[in-house]
Amino acid sequence: MATPAILYVLCISLFFPFLPTSFSQPPNTNPPICNGVIITYRYLTGNEIPPIISPVDPANQPYRFESTLTVRNNGPVELKNWRVFVGFRHGELLVSASNAVLADGESLPANVSGGAVFSGSPVTDLKTAIETAGDVDQMQAVVDLVGTQFGVGAPNVPLPDNLTLANDGYLCTNPTRQGIIEKVFKKFVISEETCSLLEHVTRNDTSICCMPDPNATTNITPFDDDFPPLQPGDLTIMYDVVTTYESNYWAQVTITNHDPFSRVENWILSWDWTEGEFINSMRGAYPKIVDTGECVFGEPGQFYEEFDFSKALSCDKRPTIMDLPLTRTNDTSLGMVPFCCRNGSILPPSMDLRRSKSSFVMQVYKMPPNLNKTLLSPPRNWEINSTIGPGYKCGQPIRVDPTLFPDPTGLPSHTTAIASWQVVCNVTRTVEPKRPAKCCVSFSSFFNDSVIPCNTCACGCDGNSNNPRNGENVCSANEQPLLLPPQALLVPFDNRTKLAKTFAELKRREIPNPLPCGDNCGVSINWHLLSDFDKGWTARVTLFNWGDTDIVDWFAAVELDKAMPGFEEVYSMDGKVLPDSNNATLFLQGFPGLNYLVAEKNGSNPRKDPPVPGTQQSVISFTKKKISGINVALRDGFPTKVYFNGEECSLPTILPNPGANESRFQPDPKLVEHFQFHLSTISHFSRYLFLLLFFFA
């Protein structure tokens with residue numbers, strides 16, 4: 001029986017005349033049997049890089065890898081905005097990628113160990129062989145990838161476990177691996193087992209064929225124009241080139257909020273220039289850091305020798321842009337742009353459609369070889385941040401039909417942008433540990449004199465939680481909060497201890513030691529079930545501002561899954577049911593002139609009176625008509641979600657018990673409204689006394 005070494009030599013000697021002269025030649029990536037989109041990932045080379053730990057920890061040994069991703073359109077239809085998913089599986093850190101960017105907007109280097117979607121840049125569309133007479137350069141994109149991966153070194157070949165076309169409406173085959181020896185096997189009947197020793201040398205690529213799915217459905221209207229239609233998103237950014245010259249152009253950037261619950265405050269916008277551009281001037285916004293050093297000492301300074309860079313604004317490859325204050329709205333040099341200069345505030349459209357967008361313009365200078373009026377390329381890897389509200393993840397800009405602008409002369413006509421791109425951003429929903437809330441909710445009811453307070457550490461706890469100080473524990477972050485008497489809701493947490501302990505002793509409840517920590521929220525909301533009768537029910541919502549600054553243009557949203565179809569009226573706030581929420585979400589905001597949730601103030605006698613929170617309050621009425629099986633007291637009368645200024649608030653984990661301490665008194669909501677309507681006009685001390693009596697009722 002032949003030894004493996006003899007078989008190895010035999011295999012080489014038999015196949016050597018038929019092997020290609022160089023093993024570095026790429027395999028044929030467009031088999032004629034695939035008349036769709038062919039995607040090939042080919043591993044080229046790799047080597048061990050420091051630190052060298054393979055002898056003791058081979059799984060974490062880093063290796064450099066170089067690969068190519070080839071996307072070729074062999075179909076009869078042009079592939080618009082191609083996107084390909086590569087299922088990396090070896091802890092890859094991508095350092096560079098030519099002719100493509102990460103579709104999620106991440107800048108390189110980036111961790112792609114869980115897989116990544118690539119999109120074309122600067123060429124986003126792949127034409128057909130029919131319309132280009134077989135010009136491969138227009139039919140395909142070749143992406144050169146360089147990065148670091150872990151635990152897989154020679155002679156093994158690190159290939160992705162999945163490869164697919166991420167564009168809608170395509171079906172892809174399972175990935176197939178093919179190498180040089182496999183092709184030789186087609187000519188010679190030699191056992192693959194015989195030449196298995198060469199397998200790791202030859203199987204260095206994987207490919208798939210993707211064909212249009214005849215059964216695919218989409219909710220997007222098909223388009224016959226050169227560009228796809230605008231896409232939906234929680235927040236969108238339009239990049240419109242409005243004027244273009246040989247060496248520079250003017251672009252208008254418009255940020256629009258489409259999320260009915262989220263607001264953006266003090267927005268900060270950033271992106272990556274990919275063609276050496278720099279910002280010369282702006283109106284409606286301004287760089288956070290004005291720095292032109294990279295231009296003066298870099299390539300722009302060499303090319304634009306006579307240019308006065310002292311007047312330019314930003315030469316950073318990744319500039320950071322901020323909005324201007326309201327005082328600059330009519331500034332002839334910095335403002336005078338529609339929807340600009342709002343101090344970074346973008347409200348939800350459900351609150352104020354006119355204030356749901358922000359805009360600015362900027363002059364962008366280009367670098368060779370793009371010195372042509374028609375050579376326009378948008379920046380990539382957009383990111384927007386806000387001091388409140390959720391985080392956003394932005395995709396790459398997609399070329400769309402030119403934006404229409406109202407005619408500046410007032411005529412009933414429109415002017416179009418020269419070129420337009422859309423960036424779609426969505427609220428991030430990750431599986432990472434949830435960050436603390438910034439608001440919390442307490443529950444109370446007419447049938448129980450115990451208030452269920454906000455959760456312990458609802459908005460986070462500081463380092464003193466569970467840590468000894470002066471021989472005692474400050475508080476427990478794990479203990480459930482103590483039930484409270486109604487009047488305790490009007491007192492800051494630091495002043496509630498005596499009330500809470502006395503109430504617990506009165507109710508013969510156990511008092512933990514140490515006591516639970518506070519909620520640490522700047523804003524709390526009390527939802528009180530005020531009444532429940534045969535034909536309807538009422539609730540009272542109270543907002544508390546425990547912070548030291550007024551909250552302007554506040555809004556809240558309350559979800560009542562089953563009871564909201566019975567909504568009738570909000571008496572002391574502006575309230576409406578959102579039409580796009582399956583008739584389950586009530587949107588609340590202050591009336592004009594009452595849209596301030598004032599800050600916490602000192603009591604009338606600061607030496608002995610506790611601080612008084614700023615409050616807004618209203619009764620909400622509901623009917624039970626046409627709602628079968630509703631149980632207000634047990635569940636349906638309490639919210640399932642509450643939002644304040646775009647932040648989801650922490651909800652209690654239990655509800656008031658309708659079987660204990662039942663009260664027969666249910667105040668007439670109209671009578672209550674007669675008094676609370678004027679609540680905002682009385683003094684803080686009088687308001688405190690009024691609310692105290694009101695909660696006791």
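How many disulfides does the structure hold? There are ten disulfides in it, a disulfide being a pair of cysteine sulfur atoms within 2.5 Å. This is a predicted model, in which local features need pLDDT of at least 70 and side-chain atom pairs count only at pLDDT 80 or more, while totals for chains, interfaces and linings use all residues. Residues are numbered from 1 along each chain as its sequence is written, and side-chain values use heavy atoms, with hydrogens and water left out.

One of the links joins Cys 172 to Cys 210, with an S to S distance of 2.0 Å. Cys 172 sits in strand β10 (residues 170-172) and Cys 210 in strand β12 (residues 205-212), 38 residues apart. Helices (H or I, at least four residues) and strands (E, at least two) are DSSP runs, numbered from the N terminus. The torsion about this S-S bond is about 105°, so the disulfide of Cys 172 and Cys 210 is right-handed. Cys 172 is partly exposed, at 26% relative accessible area, whereas Cys 210 is buried, at 0%. Buried means under 20% relative accessible area, exposed over 50%, and partly exposed in between (1.4 Å probe, protein chains only).

A further disulfide pairs Cys 439 with Cys 649, their sulfur atoms 2.0 Å apart. Cys 439 lies in strand β26 (residues 439-445) and Cys 649 in the loop between β40 (647-648) and α10 (669-676), so the pair ties together parts that are 210 residues apart in sequence. This link of Cys 439 and Cys 649 is left-handed, with -95° about the S-S bond. Both Cys 439 and Cys 649 are buried.
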